[in-house]
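Here is a friendly walk through one protein model. Take a look at it first, and then we can go through some of its parts together.

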Amino acid sequence: MSIQEILETIASGFSQFSFFYVIDIILTAVLIYNLIVLTKGTRAFQVLKGVAIIFVVTVVCALFDLTVINWLLNSLLMSGLIIIIVLFQPELRRALEHIGRGAVIDKARDSLGESAENIINEIHRAVLSLSKRRVGALIVIEQKTGLEDIVSTGTRIEGIISEQLLENIFEPKTPLHDGAAILRAGTIVAASCFLPLFDDTTVAKELGTRHRAGLGVSAISDSVTIIVSEETGVISIAQNGKLTRYIDSKALLDSLKSIYLAERTGVFGWLKRRSTDGRN
């Protein structure tokens with residue numbers, strides 16, 4: 001093919017090009033980018049890379065008219081999509097929830113007003129006291145993703161958040177000390193709630209059920225979970241399926257402010273910076 005023929009082919013392609021093609025390409029690029037961002041750091045991301053490689057190989061095989069290999073790869077892609085949906089249901093659910101809550105306004109938290117500072121101080125004092133006395137605790141702070149299905153597994157309290165009430169809930173040998181307390185805006189909604197356990201094999205073996213439960217609920221929602229170790233009194237925070245340990249008083253206070261005062265930086269950005277210190 002001569003250069004003139006190549007130029008005529010390109011010109012012909014541009015003549016058929018429509019503005020809607022541009023929109024189609026942009027939307028596809030945005031969809032792929034967000035899919036990568038939502039799955040990065042998860043098992044699903046590795047599978048997506050594998051699917052992308054198979055897709056590229058399939059295109060190459062089609063160009064060279066390799067019929068048998070092309071048919072096998074196409075069959076693998078078709079069945080592979082179904083397998084991905086079944087195996088990575090939690091990751092897909094989290095991604096869809098992330099999309100769904102993107103435009104949601106957290107009215108309950110915004111309505112707290114000046115009482116937000118008081119709530120922050122009450123939680124802060126309670127957690128530090130529990131840590132000092134080495135009393136195990138699991139406090140889940142609900143955000144935009146509703147946790148009503150988890151609330152239903154425990155005992156409803158509907159009490160105003162206070163240092164005394166939180167400490168009393170987790171006091172050993174009391175009826176509600178096992179399980180998690182769910183906080184919604186300025187209220188302790190329920191206690192003794194059961195949380196889904198995190199089943200990722202990469203989690204450190206020394207972490208017990210309480211930490212795995214905190215990671216579990218953080219993997220299926222945008223909640224923030226404060227965990228106090230019964231053995232060591234160490235404070236940890238779980239969010240987005242990631243755990244940050246050895247939280248001190250100032251770091252805990254900063255985290256609570258990020259949650260209740262709705263600072264733009266957000267608790268996850270703060271946790272990401274904290275995780276680089278190598279202590280988690």
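Is Glu-142 buried or exposed, going by its relative accessibility? Glu-142 counts as buried, because its relative accessibility is 11%. Here, "buried" stands for under 20% relative accessible area, "exposed" for over 50%, and "partly exposed" for anything in between, using a 1.4 Å probe and protein chains only.

Before going on, a word about the model. It is a predicted one, where local features need pLDDT of at least 70 and side-chain atom pairs count only at pLDDT 80 or more, while totals for chains, interfaces and linings use all residues. Residues are numbered from 1 along each chain as its sequence is written, and side-chain values use heavy atoms, with hydrogens and water left out.

**Salt bridges**

Back to Glu-142, which has a charged partner. Glu-142 forms a salt bridge with Arg-184, and their closest N and O atoms are 2.6 Å apart. (A salt bridge is a side-chain nitrogen of Lys or Arg within 4 Å of a carboxyl oxygen of Asp or Glu.) Glu-142 sits in the loop between S1 and helix H8 (148-151), and Arg-184 is in strand S3, so this pair ties together parts that are 42 residues apart in sequence. Helices (H or I, at least four residues) and strands (E, at least two) are DSSP runs, numbered from the N terminus.

Arg-184 also meets Glu-148 in a salt bridge, at 3.0 Å from N to O. That pair links distant parts of the chain too, with Arg-184 in strand S3 and Glu-148 in helix H8, 36 residues apart. Arg-184 counts as partly exposed at 26% relative accessibility, and so does Glu-148 at 38%. Zoom out a bit and you find a network of salt bridges that links Glu-142, Glu-148, Arg-156, Glu-158 and Arg-184. In total, the structure holds 10 salt bridges.

Lys-250 and Asp-254 meet through their side chains in a salt bridge (3.0 Å, N to O). They are 4 residues apart in helix H11, so about one helical turn separates them. Lys-250 is exposed, with a relative accessible area of 58%, whereas Asp-254 is partly exposed at 24%.

| Pair | N to O distance |
|---|---|
| Glu-142 and Arg-184 | 2.6 Å |
| Arg-184 and Glu-148 | 3.0 Å |
| Lys-250 and Asp-254 | 3.0 Å |

**Helix H7 and its surroundings**

H11 turns up again next to another helix. The axes of helix H7 (residues 115-132) and helix H11 (residues 249-260) come within 10 Å and cross at roughly 145°. Axes here are lines fitted to C-alpha atoms, for helices over the stretch in contact, and angles run from 0 to 180 degrees between N-to-C directions. Which residues make the contact? On the H7 side they include Ile-119, Ile-123 and Val-127, and on the H11 side they include Leu-252, Leu-256 and Tyr-260. Contact means heavy atoms within 4.5 Å.

H7 has 18 residues and reaches 26 Å from its first C-alpha to its last, close to the 26 Å expected at 1.5 Å a residue. The expected span is 1.5 Å times one less than the number of residues in the helix. Among the buried residues of H7 are Ala-116, Ile-120, Glu-122 and Leu-130. What covers the buried residues of H7 includes strand S1 (137-141), helix H9 (163-170), strand S3 (180-184) and H11.

His-211 is one of the buried residues in H10.

His-211 is also among the residues that Ser-236 touches, along with Thr-225, Leu-243 and Ile-247, not counting residues up to four places away in sequence. Ser-236 is found in strand S6 and is buried, with a relative accessible area of 0%.

Most residues other than glycine have a negative phi. Arg-134, in the loop between H7 and S1, has a positive phi near 55°. Asn-240 has a positive phi of about 55° although it is not a glycine. Asn-240 is found in the loop between S6 and strand S7 (242-244), and counts as partly exposed at 24% relative accessibility.
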